[in-house]
Amino acid sequence: MKKREIVFEESLSDEWSKDLDVIEVPLDERPLWYLGGAILLVALAVLGRITFLTIARGEFYESRAAANQYQITHIPAPRGPITDREGRVLAENRPVYSALLNLKEFLRNSALHEATFLAIREILGISEETVRGLIRERNVETAVDPIVLLSDLQPAQVVALRNVNLETLIVSGGFERQYPNGAVFSSAIGYLGFPTAADLERDQNLAGQDFIGKAGLESYYDERLRGTSGLFVRLRDTKGNIVGEQKRSDPKIGESLKLTIDGDFQEYFHDRFTRGLISLGRTSGVGIALDPQNGEVLAFFTMPAYDNNAFTGTGKSAERQRLLTSPDRPLFNRAVSGLYNPGSTVKPLVAVAALIEGVISPTREIFSPGYLDVPNPYNPDQPTRFVDWRYQGNVDISSALAQSSNVYFYEVGGGFGDLKGLGINRLREWWAKFGFDRPTGIDLPGEAKGFLPSPEWKDKTSDGKRPWLVGDTYNVSIGQGDLLVTPIELLNYIAAIANGGHLYEPTLAMGEQHPKTIADLDLGPALAEVQKGMRETVTSPMGTAHLLFDLPFGVAAKTGSAQVQNNTQENAFFVGYTPVDKPQIAILVLIENAKEGSLNAVPIAKDVLAWYYEHRIKK
């Protein structure tokens, strides 16, 4: 057996060398690897954190550092004025002072909290809890600009705040929006409010003390009207002392907005509509006027009206709360967001479709005894009866429109006997051609689109238990049932009937690209027949708008009554235009829950058209 040699690199001491059983062996390398791996992981973690803070959060910390070094004050920009088509001011600005909480300084200097809350409570009458709530609403990582505590300060409050001399409180000069004829134009113009936390995160150009549009044109054209705030910068040292000041930029006033609205005309229309509602004991409705030749909106309002000045200034919280909680929903824009059965005002559209599709000729007559009985195959003695609103006798397409015969349009829409009607699918196609399936594109927020029912929809919503029946087609053919449209869609289609088939995008702002054509409909000879029927609605003694016959100018019209709330209420409609040869105005009058249906809308329409003719057309 071969003996193993042990080599000693260094000599052992005598004591160790005496014991040949003791030898020097190498250490195990695994602990060193573990230690190296741990060091590497820590290094990677530190490097990753540095990278994250530099790249992902660098901008944030840079802004926070700048915030500590600089005290930046926004100088509010005057909002652009809004005028009517003749230059009459509908929205303007008034200089005011506001109290702001300097959030940066408040968060930086906790020693000032008690004095700040005391001053706010004694001078402004605002509780500490309210202020803390305003702070909690802010994401202080992204928005530390001042919080508005109170607008439109009284002179004594301005003096008191300046005398307390707290860096956490700022008195800022600015502008308050004023609406000289608030309730008359508020449905179109809308109102302002402070930005929410979401608004501030979405738009980095906004400051907490800015006002932004919350409804109407103020909202739709907000960026255009808002302008650009100026910046005033104060440089601070490490102890927070001000060591320098400079104005970095001046505020720039927002653009002005000139509307297509005729202010004097709208004022009259609004006043006449209000008096009409009062006489009926009603509160809700819509009034709109368009120029059929280009889609310009001449008048636009919904009822009940509200004063948009309630959303400016201070001391109006009770009024704002009343508007926000009223069951009449005055802030709801019925003209563009409300969905209604159009009633008989849809009959001109059905008539155009029936003539073009060859369902009926202009001269064919249908007899209406005041009802239409549909045979019941299961019980012949009990037919299903669809009523007309009165005995009509024999009517052709013109007289059916003039007298608003339901039986005529039941048969034209759904068919009866040897007459094969349009049917639901072709009706849907024609509703869509006239824009009922999409928003009109009017320059207002929150526009809805009509609802076009179909057999597939009914089958789905009833889980196959209630198929689409001919009675459903009858109902939608006269504007009842499940067909829904917005008032602006309804009037826009009437304007297309008036102007020869051009469907324009309605607009409230002058200078925008208009007229903007949505569709050019080739309606051929059918259009003249329908226009004739709408004219006979006024000229015929049996016409539903015969009350307008003594006007010294020609009017074409259609009335409608839509049953709502399980036939317990009736919405009254009037749509019409004048002059009949080359229309310059088309109007809609809608009264919700009218006592006597369309008869209540006609007198209002008569006076409104007479005013426009005397003051605008005749001139």
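Trainee: Why is Glu 614 called partly exposed?

Mentor: Glu 614 has a relative accessibility of 37%. Buried means under 20% relative accessible area, exposed over 50%, and partly exposed in between (1.4 Å probe, protein chains only). The value of 37% lies in between, so Glu 614 counts as partly exposed.

Trainee: Where do these values come from?

Mentor: They are computed from a predicted model, where local features need pLDDT of at least 70 and side-chain atom pairs count only at pLDDT 80 or more, while totals for chains, interfaces and linings use all residues. Residues are numbered from 1 along each chain as its sequence is written, and side-chain values use heavy atoms, with hydrogens and water left out.

Trainee: Glu 614 has a partner, Lys 618. What makes the pair a salt bridge?

Mentor: The name needs a side-chain nitrogen of Lys or Arg within 4 Å of a carboxyl oxygen of Asp or Glu. Here the closest N and O atoms are 3.7 Å apart, so the pair passes. Lys 618 has a relative accessible area of 54%, which is over 50%, so Lys 618 is exposed.

Trainee: How many salt bridges are found in the whole structure?

Mentor: The search finds 26. One of them joins Glu 267 and Arg 88, with the closest N and O atoms 3.1 Å apart. Glu 267 lies in helix 12 (residues 263-280) and Arg 88 in the loop between strand 2 (82-83) and strand 3 (89-101), so the pair ties together parts that are 179 residues apart in sequence.

Trainee: How do you know what to call a helix or a strand?

Mentor: They are DSSP runs numbered from the N terminus: helices are H or I with at least four residues, strands are E with at least two.

Trainee: Are Glu 218 and Arg 177 buried or exposed?

Mentor: Glu 218 stands at 0% and Arg 177 at 3%. Each value is under 20%, so Glu 218 and Arg 177 are buried. They form a salt bridge, with the closest N and O atoms 2.9 Å apart. Glu 218 is in helix 10 (residues 216-220) and Arg 177 in strand 5 (residues 169-178), 41 residues apart. Glu 218 and Arg 177 also belong to a network of salt bridges with Arg 79, Asp 222 and Arg 226.

Trainee: What makes Asn 341 a buried residue?

Mentor: Its relative accessible area is 10%, under the 20% limit, so Asn 341 is buried. Asn 341 lies in the loop between helix 14 (334-337) and helix 15 (347-356). Beyond its neighbours within four places in sequence, Asn 341 is in contact (heavy atoms within 4.5 Å) with residues including Gly 479, Leu 483, Val 564 and Phe 573.

Trainee: Which backbone oxygen does the side chain of Asn 341 reach?

Mentor: The backbone oxygen of Leu 483, at 2.7 Å.

Key. Polar contact = N/O pair within 3.5 Å; in protein donor to acceptor, adjacent residues only side chain to side chain.
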